[in-house]
Amino acid sequence: MLRPTVRLSALAQKWSVLVFAAMAGIIASLSATASTVEFNRDIRPIFSDRCFTCHGPDAATRKTKMRLDMESTAKIELRGGRRSIVPGDPAASEIYRRISSGDKAVRMPPAYLGRESLTPHEIALIRDWIAQGAKWEPFWSFIPPKRPPLPAVKNSAWVRNPIDAFILSRLEREGLHPSPEAGKRILIRRVTLDLTGIPPTPAEVDAFLADNSPSAYERVVDRLLASPRYAERMAFRWMEAARYGDTNGYQTDGPREMWRWRDWVLDAFNRNIPYDQFTVEQLAGDLLPNATLSQRIATGFNRNHRTNGEGGIIPEEYRVEYVADRTQTTATVWMGLTLGCARCHDHKYDPFLQKDFYRLFAYFNNIPNEKGFSYNYGNEEPYIKAPLPQQKKELALLDQRVKTAEAGYHAQSPRIQKEQSAWERHLAANHDWTVTDGLQFRSSPSLPVFDGKHSIDTPGDDKTAYFGYLDPFTLAVSMNATSENGGIVSRSDDYFEGTGHGLYLIDGKLRVHIIHRWTDLAIRLETKSPVKLNQWQSIVVIYDGKRKASGIHVYIDGVDQPTNILFDQLNEPFHVDPKIPIRIGAAGGKFFKGSLRDVRIYGRALQPEEAAALSVPETVGEIARREPSERTPEQSQKIALAFLAEGASPEIKDARNRMLKARADRNAFYDSIPTVMVMVESPTPRDTFVLQRGAYDKPGEKVTPGVPASLPQPPAETPANRLGLARWITDRTNPLTARVTVNRYWQSYFGVGIVKTVDDFGSQGEWPVHPELLDWLAIEFMDSGWNVKALQRIIVTSATYRQSSRTTPELLEKDPDNRLLARGPRVRLGPEVIRDSALAASGLLVEQLGGPSVKPYQPPGLWQELAGGDGYVQDKGDALYRRSLYTYWKRTVTPPFMANFDSPNREVCTVYESRTNTPLQALDLMNDVTFLEAARKLGERMMQEGGASPESRINYGFELLLARPPKDPERQILIDTLGTFEAKYRSDPKAAEEYLAYGESRRSSNADIAELAAYTAVASLMVNLDETVTKE
Amino acid sequence: MACSCCSDDLRITRRHFFGLQSTGIGIAALASLLSREGISATTAGRVGGLAGFPNFAPRAKRIIYLFQSGGPSQFELFDYKPRLKDFQGTDLPDSIRGGQRLTGMSASQSSFPVVPSKFTFAQRGNSGAWVSELLPHTARIADELTFLKTVNTEEINHDPAVTMAQTGFRLGGRPSMGAWITYGLGCETQDLPAFVVMISSSGGGQPLYDRLWGTAFLPSRYQGVKFRSVGDRVLYLSDPKGFTPTDRRHFLDALNKLDTLESQEFGDPETEARIHQYEMAYRMQGSVPELTDISKEPQHTFDMYGPDVKKPGTFASNCLLARRLAERGVRFIQLYHRDWDHHAGLPEALPKRCQDVDQPSAALIEDLKQRGMLEDTLVIWGGEFGRTVYCQGRLTATDYGRDHHGRCFTVWMAGGGIKPGLTHGETDDYGYNIVKDGVHVHDLQATILNCLGIDHTRLTYQFQGRHFRLTDVGGNVVKPILA
């Protein structure tokens, strides 16, 4: 049994006592001398990491009844009467005897399993903990937070808001002092980068410097929070968490279209929608009553996972993978839990059974007909049209135009009737007409009787009837079959399972094949009823080019036939060998018996009335001789079409053309409207089973949707679907959501979370360095109505955040990672901020909120060398200078600049921030065309806007990038460098020309080449400064 | 079941400050930071790596992995099955197939006709290893090689199988083998990356993915650096036109001065580390062109590697560069050659691939041996899986294809730590199942690490609570092949 919830709530009453008693030194290096050992901080991590595998939650690997993840099973009587833990008496405690034994046969963790012994420090901690009474504490993160009282501090004048009280109280205990507030220039740069992702302009800096009011800084913060740039800044990290990509992520890694979801995120941050709503809409927007388009788009969150279109995969294996990805991502992002560890077995460290994983999995397992073998060249179902507001209007306008044009044409009805009957009267009996628009192939007028051994072949080329999987076509033939098996018409390999298009008779039924690979990439369908043998019938097969069997219609004598879909998975482009002939009387090695005539192949999908017309053997003249009331509907359609083609007056033709054009325009526009993959709930939920060892084909116990049993449970009336889950996640009593969220934001400002393991709030995670602060922020966040902007505001307006980031050897020694925050954050910027800052400072940045992803500069060949094909087609113009969150993200070939600067590759959900410092980064900033061009434009700006003297120009460049002028020694170095390069380029103008040739933006024509090259070199130097890529 | 969750604790902070060298960095900061990271200071020419690694005396100092992507057919190359002639055209018995899951490409085939190799085999050298006529050069050096006939994987599709072979797990999200090894062992050069990847530019066949040389949750500094055959060898290596190495030196001198001022003001060791990275970048700008300039190699070397060796981007050219990288202390050199995925038209296509790689692979072994480097360089040759004994698609008198087969396939190894001239493992008469001594992909990985002196259960990294390792939860060292 896991810890029952009831008991948790009871224990929650003691939470403040238990936990806040434990607020002594937190960091190992600081707490080495602490006299009081705390269970959660000091002991549980040792148990978890070193003992739980055999003495923890996983029943399958538990070796004895003693398990150290629960007090009741940790302190027990063992064989021989010894007790595992005797509070106050280490010597009598078996666990202490075993961990401290020098005898390898006795010592735990066991040597025979290859485990190392505990360190002397760990052994001492456990000894001291037992000696001090072996006090147990419930696991902190599973207990709902409560608002802690603000701690008393000596230096209360330093405190700007409650964050500071918590930080300062800890500093005072450690004998540390906060740093002075950072200078105004550093401060505005820091907060502007943090809230908008680009540096402040010199004018913004000047305004801030000139504002001497006490609320000057807060005014800046409010201005930044109101900027759309804030949304762009926030969205980027959320895209990483949501594993957003513009491609599918496996094997050939084809494109998908999810940017409308990304724009939903931008909009959500812009409108500052509360985080609980932000959560509910993304997890279950489709299940909200009267779900709006926006709410449905939001659910794209859980379709951002990779999808596999590799030929030959076993679909269910990957369908399970998609559902597991949703489950794990949801657990990481909202719960900070490593539930994925319970996919194959019970969790090794945290109180989660394997069943808990699959109960959560069950929430995400109900997409109707979800395909594991996904389409790799676009979105996989379910997806929806997601028009932009402007497109919605445009579509309505076009719909209206269609209606008007249709009405205009219908108004011609009396005239049509009149003209047509007049026209009919003059037709000769043998006058005929047929559909010729799009006709690519027509058989010779006399075909032999087919004997089941021969066919009539027309040599193939790559133009006639050379159809890919997205090419619509129509095939028509008149047939009089004498055998119920045979190939009728084809362009395919000459064996049955070969590649190509074919029309067959199989056991009397018409069979249509479009085959790339027989076994897994094909459409095959047959008519439900057999054809009639030994009589003439008209057959028309129409394919709409939308790669689904439902887009194929088979007409017999003008009647649309019901069909059985035999196979429906045409996922990849293909063509037959152009040398393959068009065969009449044969397909796939099977031959036709009987007669065929008038075989036609059209390169378009005919309209139903056209198909009807093709089925009519009578000539137009013959039809004209019948009374309209005696004509079949097909005959009427044929003669009407013939009239419109040949006999109608210009007025009628115009009206009809207007209607056809209006429809075509509308349809073309409709096709151009972006789609987005979304969550949809099947009315009949799919059964979910615990999968043994995580294997898709080893179902075990059947489970229902539910949240992990060791967490507080939702009220009984909560629906067992994603909406219920989302409500539970955002319920105030959920102990994790708010803590996990505020912690992630904290990380984005200070480089490290209050809980460093932002993705693990379980027992292997780090104990929070400021537990009360974490809880205070969590409560404050919820009390504010989950107000995301308010949360950012309170963090960046704290005195803690506003400190100078200067450090000292002593501070580095004592707190190298700056966890205690006796100084401000100094953190290397993320790749998107580095690039956007260079674009902004150089004046190249093109700001436009949202839209399809763009393809800026990338070294040529990167896509081809891994995957062949056409590769990366770089955009031109404005698209080169959009903010980095819009950069097209191919998952198997990460944009190289992003990869160099530590971006996760978006294959899986990533919430931790990683930063390295490598020579590849140096090469990138020095030689990537992006930064060479930015340097050139920055150099130009310095010359054009920075005044006349080198000093003022250099000052200006520095201010654009760093929000400050250089200090004297810095300026001197820059001036010297400028001189060196100016001399060089004066003497070598060709080199200057070459150096200035990078990037597609135009060069300012009136600039002196040598001088501009020198300023470009200096600007490049500035772009490469440590300070430029650092928030300080 | 072995468990990765309880291995030696090597908790590493996520913040890696250094280029891992002591020159130019404040000694106090270095000492404190390195010890916190568990990273040993430079020892005996080594740069970076974890304290305590290698765990025991290594037999190999470096790896050259000649990865043959797509799944080369063991039936036509190494796994000689004379009885298949008797079974030709008969359906693979269910008793042999044993419920093996098949790919969606052949699962719904109406029959599974056995097809023997069209190519002839002979026993080679003193060891008597079977090598087909398609690989005459490999045959010549067979006594240097050890053939593992029973390498196996559960995966039956390329993406998961290649990902498994290179990261130890079927889905993306785990560090690659080269990343693990350079994380653990660092490197023996200050002028080149520790982990270099080269892909034959002939392309074709199945795509590759960044994740195969990526770092996933390991710090990105351990990612494989692609040496390309077009454009810059290393991305962004070349200075812009009109900007000479002298200009770059001026530039860097100024940058160092400015960053030093910055370092003095803020006192952040990260700044010093960055200065250092720029110096290393500068050295790479010299060392990479020197490395890739093969003009000074003697003619007999060119002759050894074959006619393609002077064409950048060929497998032959990459093999020669691999030897040059190995000489310069690069730890892990990963080559990829593609287009081994012969579902159809195998008799025509396979000889071409063999011709691409046979001579250069053999030349690399001989070259290393002549230089005395084979004893501490481990070379591995193989793909992500093998191919089926039965024909996929249409079987004709002259043509056939084979689907993916993971139950057994052949990989050869040579050099540091491996006994030469062995054949390890045995498959049944159909070449479908293992009869003796299976080698799972994780076993292969454990063995590779073992040759480097690494206990594969100890090279771990804690991420999301779990101690991950290359071999996931498996891996047994193949001891009989160790020297």
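Me: Before we start, what puts two residues in contact here?
Reply: Two residues are in contact if their C-beta atoms, placed from the backbone, lie within 7 Å. By that criterion, and leaving aside neighbours within four places in sequence, Ala235(A) is in contact with Arg262(A), Val265(A), Leu266(A), Phe269(A) and Leu885(A).

Me: And what are the ground rules for the model and its numbering?
Reply: This is a predicted model, in which local features need pLDDT of at least 70 and side-chain atom pairs count only at pLDDT 80 or more, while totals for chains, interfaces and linings use all residues. Residues are numbered from 1 along each chain as its sequence is written, and chains are lettered from A and ligands numbered from 1 in the order in which they are written.

Me: What does the model score overall, and what does each chain average?
Reply: The model scores ipTM 0.89 and pTM 0.90. In pLDDT, the predictor's confidence in each residue from 0 to 100, chain A averages 93, with 97% of its residues at 70 or above, and chain B averages 90, with 91% of its residues scoring at least 70.

Me: Where does pLDDT stay under 50?
Reply: In chain A that is residues 1-34, for which the model has 46 contacts beyond four places in sequence; in chain B it is residues 1-42, with 102 such contacts.

Me: Back to Ala235(A): which residues have the most contacts inside the largest nonpolar core?
Reply: Ala235(A) is among them, together with Ala1013(A), Val1018(A), Ile333(B) and Val379(B), in a core of 327 residues. Helix H37 of chain A, residues 1009-1023, gives the most to this core, with eleven residues; helices here are DSSP runs of H or I with at least four residues, and strands are runs of E with at least two, numbered from the N terminus. A nonpolar core is a set of buried Ala, Val, Leu, Ile, Met, Phe, Trp, Tyr and Cys residues joined through C-beta atoms within 7 Å, where buried requires 20 or more other C-beta atoms within 10 Å of a residue's own, exposed 12 or fewer, and partly exposed a count in between, with C-beta atoms placed from the backbone.

Me: How many residues of chain B are in contact with chain A?
Reply: 82 residues of chain B are in contact with 93 residues of chain A. On the chain B side, H8(B) supplies the largest share, twelve residues.

Me: How many helices and strands does chain B have, and how much of it is buried?
Reply: Chain B has 13 helices and 17 strands, and 63% of its 483 residues count as buried.

Me: How do E16(B) and E17(B) pair?
Reply: Strand E16 (residues 460-463) and E17(B) pair in the antiparallel sense over four bridges, where pairing requires at least two bridges found by DSSP. Tyr461(B) stands opposite Phe468(B) in E17(B), and the two strands form a hairpin with two residues between them, Gln464(B) in the turn having a positive phi of about 45°.
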